[in-house]
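Good morning, colleagues. Please turn to the structure on the screen, and let us go through its sheet and its charged pairs together.

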Amino acid sequence: STEIPEQYSLEQNYPNPFNPVTKIKFDVPKSSDVKLVVYDLLGSEITTLVNEKLEAGYYETDINMTSYASGVYIYRMEAGPYSSVRRMILVK
């Protein structure tokens, strides 16, 4: 698709709750340094899913949390002036 998103966006992961793999979609309206990180509820960084300059477009990434305990996790996207946080639930 040659369509370009109008604004930054971080969507809710799907499925949620999940076991053990989920998908996160996000939109980037212009070339930007994008960072997408997963944290536990104590604020400790679990993993970095994206940390690079991306061109404008629609993106999705998968995360496999087989080695993590059931519970609530937070994921955060930062890109240019945009920042958003969402919650996801891992159920084993």
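This is a predicted model: local features need pLDDT of at least 70, side-chain atom pairs count only at pLDDT 80 or more; totals for chains, interfaces and linings use all residues.

Is E60 buried, partly exposed or exposed? At 46% relative accessibility, E60 counts as partly exposed, where buried means under 20% relative accessible area, exposed means over 50%, and partly exposed lies in between, with a 1.4 Å probe and protein chains only.

Residues are numbered from 1 along each chain as its sequence is written, and side-chain values use heavy atoms, with hydrogens and water left out.

Let us consider the sheet. Three strands make up an open, antiparallel sheet, in the order β1-β2-β5. Here strands are DSSP runs of E with at least two residues, numbered from the N terminus, and two strands pair if DSSP finds at least two bridges between them. The edges are taken by β1 (9-10) and β5 (57-64); each has a single partner strand, so one side of each lacks a neighbour in the sheet. In general, strands of a sheet pair through backbone hydrogen bonds, either parallel or antiparallel. Strand β2, residues 21-28, pairs with β5 over eight bridges in the antiparallel sense. Within that pairing, K25 has E60 of β5 as its bridge partner.

I now turn to the charged side chains. Side chains of opposite charge can pair when their charged atoms come close. A salt bridge is counted when a side-chain nitrogen of Lys or Arg lies within 4 Å of a carboxyl oxygen of Asp or Glu; by this rule there are four salt bridges.

Which residues does K23 join in this way? One is E60, with the closest N and O atoms 3.1 Å apart. This pair links distant parts of the chain, since K23 is in strand β2 and E60 in strand β5, 37 residues apart. The other is D62, at 3.0 Å from N to O. Here too distant parts of the chain are linked, K23 in β2 and D62 in β5 being 39 residues apart. K23 is partly exposed at 28% relative accessibility, and D62 is likewise partly exposed at 47%.

A further salt bridge joins R76 and E78, at 3.0 Å from N to O. R76 is partly exposed, at 32%, and E78 is partly exposed at 34%. Finally, salt bridges with shared partners join K23, K25, E60 and D62 into one network.

Note on methods
Helices (H or I, at least four residues) and strands (E, at least two) are DSSP runs, numbered from the N terminus.
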